[in-house]
Amino acid sequence: MRIRTVINYVGLFLLHVHYIECAAHDVADSIPNAIDHTTLEEAIVTASKIDLSITTSTPTFKIDESQILHKGITDISDAIHRLPGVNLRDYGGAGGLKTVSVRGFGASHTAVIYDGLPLSDIQSGAIDLSRYSVDNISSLQLVIGDNNDIFIPARIGASPASLSISTIEMKPGKKTTLTARIKAGSFGYLGPSFDLFQNFKSTQIGISGELIRTDNNFPFTLKNGNLSTRERREYNKMNSGRLQLSVKGHLKSGGIISGQIYYYDNDRELPGPVIYYNVNDGHEKLRERNFFSQADYLQPFKGIWKLKVATKFNWASTFYTDYSIIRDDKFKEEIYFQREYYTTANLLFQPSGSFSMDYSADYFFNNLNSNQANDVRPRRNSLLQSITAKYSSSRITALVRLIGSLYIDAAKSEIVEKKKYARISPSISLSGKLLSEGLFFARLSYKNIFRMPTFNEAYFNHFGSPDLKPETTDQINFGLSYQLPSFQILSLLSVTGDIYRNWVKDRIVIVPYNMFVWTVTNLNNVSAIGSDVTLNSTLDFGKKQHLILSGTWSYLRSKINVKSSDNLYGKQVAYTPLNSGSFSLSYENPWVNFVYHGQGSSARYSQNSNIPQSRLEGYFEFGITLWKQIMIKSHSLDFRFDVMNILDKQYVIIARYPMPGRSFMATVKFEL
């Protein structure tokens, strides 16, 4: 029934855009252009950059390196809060686990892409984004539904949403680039980092590194009825390091080959949930290590074919120690090792500027070993294939994709049966320009996909059950976007609005106990209805003064649909706020640049039953950023000072895990 409804919507949409004349092969070509050689310089000054989120057939939002500074973004979690439709789970402070879900689908449904290839965590299915720093990020892009760029691995297309992290590359025209930073902040935070790039004719080599040391012992207010006390978050230290080596070469054939080696090491204390009369109960430690290497090769052929082949190896280990539990004269230890071998091939056929097709095939193998008595040594072979067709002109974009998925699960234990899952998942997205003048677009998309249970959910008895079924999802989105042509001092004004409906069958809900131990609940059906709105505007007061305003607002009603006699019927899914949003107001000038920003959400529940005792109060926190760049010949010296949560708002995102109150961060950056 839902498929028929989608087809009807698509038919109406096609009838609407059928009569719109197609006049060019690129959206930008549809903008009136009176530029000649005598007016070229003036046109460049007054031209308005097209916002990416305006023209795409599915909701797409991007934060680039300059916006990270101009919006006062302090870390990766702050950046994600500025994206619409995103729900971030944060355990508080620099060392707290941070996972992201989009439009209520859950963190395991969000593919996190690092420089073009997916990151993997077969154990939990959720990528901990606290491992990644905004300091070496060139852009952060969220795509909900299908990506307009069809030349991507099938694995990326097999997710309801994807979050792409692109790291900094060598700036053109330079032989050597060195960027060094030092951060110092509240609660013992110290974080030096660097990026070094060297050009050798057709080859570029880069190395990037970061160290973070923090006590993370922030104060917070603990309330118990009418009583409240001022406490400090002890046993929350963290020491982490990241090192990345990258190589990129241009071949004489026109091909490009690139590779990366990445290593991350994090040793942190787990303070545990805050419980009255037991505030400073810290007896758990967690050490995580992650290594991956990846390489890809891109080669164009005869102007209409492109081939891309990539491979990746990922290794991760987790050491969890609980010093309060002694077994056989030893402290309780849980040790996990996971590996993934991944390869992908993409073939793009583009006979004209308006039509293209892509075939992608991905194979990956995962396994997980541990020291647990119930360890069954699970392993999974996965084969994903996708075929995509795209038509794009100045006025309309249409994209159709079919994904074939095959998963084979097995284990060394005889008590676990071998399982095989196969599925075909369709998707379609459309975008049409509604007016012949200006940038006013409508978009409509539908996507069906399913998610396999993670190894934690399926094979470990204190997490989940081997009888879990894969989640099946359907999502429909309709949106409007508009960008006003620039005039006088208003150089940019863009607005997007989307409404959507999601259905999830056999929904797997993870409710955290602490940062390491989670419990899993399987719900029959979950439906969601919501909307996302974004605004971006820029006022230019001459060449050196700019006022930049941006904001997001999201509404999400994620309802549990079970039998009416069940006490969960109609309840909001745990940790899903009805309303959330963010804003930033930046004043850039020749003296000291200033940013005022904020983000927050309405109340949530920590349990699916939505009982009053599980209600978490809503919050909105504000911050300010001051920054100044000084040029020393061809080099730059940047000074930045941030005040986070300036009003010292006391709140939690995860029950009993307080977030930091007011804190400070000073950053000095030198670029050679």
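Leaving aside neighbours within four places in sequence, L129 is in contact (heavy atoms within 4.5 Å) with I76, I80, K98, V100, V112, L163 and I165. The model is predicted: local features need pLDDT of at least 70, side-chain atom pairs count only at pLDDT 80 or more, and totals for chains, interfaces and linings use all residues. Residues are numbered from 1 along each chain as its sequence is written, and side-chain values use heavy atoms, with hydrogens and water left out.

**Nonpolar cores**

- L129 and I80 touch the most other members of the largest nonpolar core, which has 29 residues. A nonpolar core is a set of buried Ala, Val, Leu, Ile, Met, Phe, Trp, Tyr and Cys residues joined through side-chain atoms within 4.5 Å. Buried means under 20% relative accessible area, exposed means over 50%, and partly exposed lies in between (1.4 Å probe, protein chains only).
- At least two residues of this core come from each of β1, α5 (76-81), β2 (86-90), β3 (98-102), β4 (110-114), β6, β7 and β14 (256-270). Helices (H or I, at least four residues) and strands (E, at least two) are DSSP runs, numbered from the N terminus.
- Strand β6 gives the most to this core, with four residues.
- Another core, of 13 residues, lies apart from it and has A154, Y342, F364 and L384 among its members.

**Sheet**

- Five strands form an open sheet with mixed pairing, in the order β1-β6-β7-β4-β5. Two strands pair if DSSP finds at least two bridges between them.
- The edges are β1 (60-64) and β5 (117-118); each has a single partner strand, so one side of each is left without a neighbour in the sheet.
- Strands β6 (residues 137-144) and β7 (residues 161-167) pair in the antiparallel sense over seven bridges. Within this pairing, V143 stands opposite S162 in β7.

**Salt bridges**

- The count is 24 salt bridges, each a side-chain nitrogen of Lys or Arg within 4 Å of a carboxyl oxygen of Asp or Glu.
- E169 forms one with K248, the closest N and O atoms being 3.6 Å apart. E169 lies in the loop between β7 and β8 (176-185) and K248 in strand β13 (residues 238-250), so the pair ties together parts that are 79 residues apart in sequence. E169 is partly exposed at 46% relative accessible area, and K248 is partly exposed at 24%.
- D648 and R230 form a salt bridge with closest N and O atoms 3.4 Å apart. The pair links distant parts of the chain, 418 residues apart: D648 is in the loop between β32 (635-644) and β33 (652-654), and R230 is in strand β12 (residues 227-232).
- E471 and R451 form a salt bridge at 3.3 Å between the closest N and O atoms. Both E471 and R451 are buried.

**Aromatic rings**

- The whole structure has 22 aromatic pairs. Rings of Phe, Tyr and Trp (its six-membered ring) pair if their centres lie within 6.5 Å; planes under 30 degrees apart count as stacked, over 60 as edge-to-face and the rest as tilted.
- F583 and Y596 form an edge-to-face pair, 5.5 Å centre to centre with 65° between the planes.
- Y114, Y132, Y262 and F292 form one aromatic cluster.
- K308 lies over the face of F151, at 4.5 Å from the ring centre. The charged end of R423 sits over the ring of F450, 4.4 Å from its centre. A charge sits over a ring if NZ of Lys or CZ of Arg is within 6 Å of the ring centre and within 35 degrees of the ring normal.
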